[in-house]
Amino acid sequence: MAHTLPDLPYAHDALEPYIDAQTMEIHHGKHHGGYVNKLNDALEKEAALQNQSLEDLLKKVGTLPQSVRTAVRNNGGGHWNHSFFWPVMTKNGGGQPEDDLAKAINDAFGSFDQFKEKFMSTAAGRFGSGWGWLVINPQGQLELGSTPNQDNPLMDVSDFKGRPILGVDVWEHAYYLKYQNRRPDYLEAFFNVINWAAVSEHYANFK
Ligand code: MN3
């Protein structure tokens with residue numbers, strides 16, 4: 001049962017002008033597609049792992065056979081992270097969350113503006129390539145953090161743990177064509193495409 005590249009839930013140009021169509025085309029087709037192919041290649045060597053869900057593999061990635069551990073961490077992580085990332089963005093996104101999630105964000109961070117500032121500084125401050133996250137932590141609280149490379153908060157090997165409800169890719173491939181070195185400008189733009197309905201659904205499912 002091979003892992004497959006999910007379709008984007010919108011057209012390549014749907015997030016213009018905040019995220020350009022060419023970036024989306026390369027990011028989804030080449031980068032995410034590449035992670036899926038390399039994950040499947042790695043699992044060829046370990047038949048027993050082929051029927052396990054990606055999430056189950058990531059939760060115990062630190063104990064997988066040495067022969068596939070790094071490949072699953074990097075490419076399985078890449079596949080999960082991007083599959084999660086596309087639907088938390090949408091055309092005509094942005095604005096602010098409502099109801100339960102709005103209240104939880106206010107309780108955890110003081111206000112939406114304070115949350116936004118801290119989310120942006122957390123993601124901007126990730127050295128090198130990685131991801132910024134809003135998670136429900138193991139204590140059931142909203143928490144901000146970041147992970148390097150294609151690690152994510154579900155992984156047993158991650159220092160930062162929780163159930164992601166929002167994530168942002170801060171690899172340069174996510175923004176370099178339009179924003180070059182200006183990661184904070186990309187993050188500001190990201191806030192115009194966040195799909196708060198999808199984030200709220202994650203929150204409702206896992207709180
Ligand atoms: Mn990426």
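Trainee: Which residues coordinate the manganese ion, and at what distances?

Mentor: In this predicted model, the ligands come from four residues, with His-27, His-82 and His-173 each contributing NE2 and Asp-169 contributing OD. In sequence these donors are spaced H-x54-H-x86-D-x3-H.

Trainee: Which elements hold His-27 and Asp-169, and how many residues apart are they?

Mentor: His-27 belongs to helix α1, which covers residues 21-43, while Asp-169 belongs to strand β3, which covers residues 163-169. The pair therefore links distant parts of the chain, with a separation of 142 residues.

Trainee: Are His-27 and Asp-169 buried or exposed?

Mentor: The cut-off for a buried residue is under 20% relative accessible area. His-27 has a relative accessible area of 1%, and Asp-169 has one of 0%, so both His-27 and Asp-169 are buried.

Trainee: Where is Thr-23, and which residues does Thr-23 contact beyond its neighbours within four places in sequence?

Mentor: Thr-23 is placed in helix α1, and at 2% relative accessibility Thr-23 counts as buried.

Trainee: How are α5 and α7 oriented to each other?

Mentor: The axes of helix α5 (residues 112-124) and helix α7 (residues 183-190) come within 10 Å and cross at roughly 140 degrees. The crossing of α5 and α7 is right-handed. Angles over 145 degrees count as roughly antiparallel and those of 65 to 115 as roughly perpendicular, so α5 and α7 are oblique to each other.

Trainee: Which residues meet between α5 and α7, and how do they divide by class?

Mentor: From α5 the contact takes Lys-116, Phe-119, Met-120, Ala-123 and Ala-124, and from α7 it takes Arg-183, Pro-184, Leu-187, Glu-188 and Phe-190. By class, the residues of the contact of α5 with α7 are seven nonpolar, no polar and three charged.

Trainee: How are α4 and α5 oriented, and which classes of residue make their contact?

Mentor: Helix α4 (residues 99-109) packs with α5 at an angle of about 70 degrees, with the axes 8 Å apart, and α4 and α5 are therefore roughly perpendicular to each other. On the α4 side the contact is made by Ile-105, Asn-106 and Phe-109, and on the α5 side by Phe-112, Gln-114, Phe-115 and Lys-118. The contact of α4 with α5 thus comprises four nonpolar, two polar and one charged residues.

Trainee: What is the angle between α4 and α8, and which residues of α8 meet α4?

Mentor: The axes of α4 and helix α8 (residues 196-206) are 9 Å apart, at an angle of about 80 degrees, so α4 and α8 are roughly perpendicular to each other. On the α4 side stand Asp-100, Leu-101, Ala-104 and Ile-105, and the partners in α8 are Trp-196, Val-199, Ser-200 and Tyr-203.

Trainee: Which residues are joined by a cis peptide bond?

Mentor: The bond in question has an omega of about 0 degrees, and Pro-17, one of its two residues, lies in the segment before α1. Ala-21, in helix α1, is in contact with Glu-16, among other residues. The cis peptide bond joins Glu-16 and Pro-17.

Trainee: Where does Asn-92 lie, and what is its phi?

Mentor: Asn-92 lies in the loop between α3 (66-85) and α4, and at 74% relative accessibility Asn-92 counts as exposed. Although Asn-92 is not a glycine, its phi is positive, at about 60 degrees.

Key. Residues are numbered from 1 along each chain as its sequence is written. This is a predicted model: local features need pLDDT of at least 70, side-chain atom pairs count only at pLDDT 80 or more; totals for chains, interfaces and linings use all residues. Side-chain values use heavy atoms; hydrogens and water are left out. Donors are N, O and S atoms within 2.8 Å of the metal (3.2 Å for Na, K and Ca); water is not among the atoms, so sites may look incomplete. Buried means under 20% relative accessible area, exposed over 50%, partly exposed in between (1.4 Å probe, protein chains only). Axes are lines fitted to C-alpha atoms, for helices over the stretch in contact, and angles run from 0 to 180 degrees between N-to-C directions. Angles under 35 degrees count as roughly parallel, over 145 as roughly antiparallel, 65 to 115 as roughly perpendicular and the rest as oblique. A crossing is left-handed if the near helix is turned anticlockwise from the far one by less than a right angle, and right-handed if clockwise. Contact means heavy atoms within 4.5 Å.
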